Amino acid sequence: GDVAVIGISDFAQSELGEIQYCDLPDEGATFKATETVCTLESVKAVGQVFAPADCEVVAKNELLDDEPTIVNNSPEEQGWLVKVKFTGGAPALLERAAYEKHLEDTKEE
């Protein structure tokens with residue numbers, strides 16, 4: 001479809017640690033490819049989530065306002081961050097198997 005869900009992986013949430021605050025953009029906000037869409041603040045660090053392509057936010061996960069740890073507990077399901085509509089065509093993204101292979105390869109370095 002036309003709408004994509006942006007979030008972080010289980011690996012990424014484990015690297016960040018317990019999320020204390022999610023700074024999410026409002027519906028209608030637009031971003032160019034590689035711009036910071038949102039930030040996640042944890043005990044250990046502030047993580048940035050970048051736009052994979054030019055996009056417009058069509059929804060944000062309001063649950064994270066009160067319960068940011070949903071990102072830790074369910075990063076790839078309930079802990080989604082924003083839903084976007086790509087404004088310049090959908091980007092080429094990694095499939096899950098390619099992402100997991102990338103993680104394995106970087107562990108070995």
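The side chain of N61 reaches the backbone oxygen of W80 at 2.8 Å, a polar contact in the sense of a pair of N or O atoms within 3.5 Å, where within protein one atom must be able to donate a hydrogen and the other to accept it, and where residues adjacent in sequence count only if both atoms are side-chain atoms. The structure is a predicted model, in which local features need pLDDT of at least 70 and side-chain atom pairs count only at pLDDT 80 or more, whereas totals for chains, interfaces and linings use all residues. Residues are numbered from 1 along each chain as its sequence is written, and side-chain values use heavy atoms, with hydrogens and water left out.

A polar atom of the N61 side chain also lies 2.8 Å from the backbone oxygen of Q78. N61 is found in the loop between β6 and α2 (63-66), with helices (H or I, at least four residues) and strands (E, at least two) taken as DSSP runs numbered from the N terminus. With a relative accessible area of 3%, N61 is buried; buried means under 20% relative accessible area, exposed over 50%, and partly exposed in between, for a 1.4 Å probe and protein chains only. When its neighbours within four places in sequence are left aside, N61 is in contact with L24, Q78, G79, W80 and L81, contact meaning heavy atoms within 4.5 Å.

One of these partners, L81, belongs to the largest nonpolar core, and of the 23 residues in this core L40, L81 and V84 touch the most other members. Such a core is a set of buried Ala, Val, Leu, Ile, Met, Phe, Trp, Tyr and Cys residues joined through side-chain atoms within 4.5 Å. At least two residues of the core are supplied by each of β1 (3-6), β2, β4, β6 (55-60), α3 (70-73) and β7 (82-86). In soluble globular proteins, nonpolar side chains tend to be buried together. Apart from its neighbours within four places in sequence, L81 is in contact with I6, G7, I8, L24, C38, L40, V49, K60, N61, L64 and V71.

An open sheet of three strands has the order β2-β4-β5, with antiparallel pairing, two strands being paired if DSSP finds at least two bridges between them. The edges are taken by β2 (19-23) and β5 (46-50), each of which has a single partner strand, so that one side of each is left without a neighbour in the sheet. Neighbouring strands of this sheet are turned by 20° against each other on average, direction ignored, the axes being lines fitted to C-alpha atoms, for helices over the stretch in contact, and angles running from 0 to 180 degrees between N-to-C directions. Four bridges join β2 to the antiparallel β4, and the bridge partner of Y21 in β4 is E41. Between β4 and β5, which also run antiparallel, there are five bridges; in β5, the bridge partner of L40 is G47, and a hairpin joins the two strands through three residues. In a regular strand the side chains alternate between the two faces of the sheet. For β5, the covered face carries G47 and V49, and the uncovered one V46, Q48 and F50.

S42 lies in strand β4 (residues 36-42) and, at 9% relative accessibility, counts as buried. A polar atom of the S42 side chain lies 2.6 Å from the backbone oxygen of L16. Leaving aside neighbours within four places in sequence, S42 is in contact with L16, G17, E18, I19 and Q20.

A search of the whole structure finds three salt bridges, each defined by a side-chain nitrogen of Lys or Arg within 4 Å of a carboxyl oxygen of Asp or Glu. D26 forms a salt bridge with K60, with the closest N and O atoms 3.0 Å apart. This pair links distant parts of the chain, D26 being in the loop between β2 and β3 (30-31) and K60 in strand β6, 34 residues apart. K85 forms a salt bridge with E56, the closest N and O atoms being 4.0 Å apart. Here too distant parts of the chain are linked, with K85 in strand β7 and E56 in strand β6, 29 residues apart. K85 is partly exposed at a relative accessible area of 35%, and E56 is partly exposed at 25%. K101 forms a salt bridge with D105, with a distance of 2.9 Å between the closest N and O atoms. Because K101 and D105 are four residues apart in helix α4 (residues 96-108), they are separated by about one helical turn. K101 is exposed, with a relative accessible area of 53%, whereas D105 is partly exposed, with 32%.
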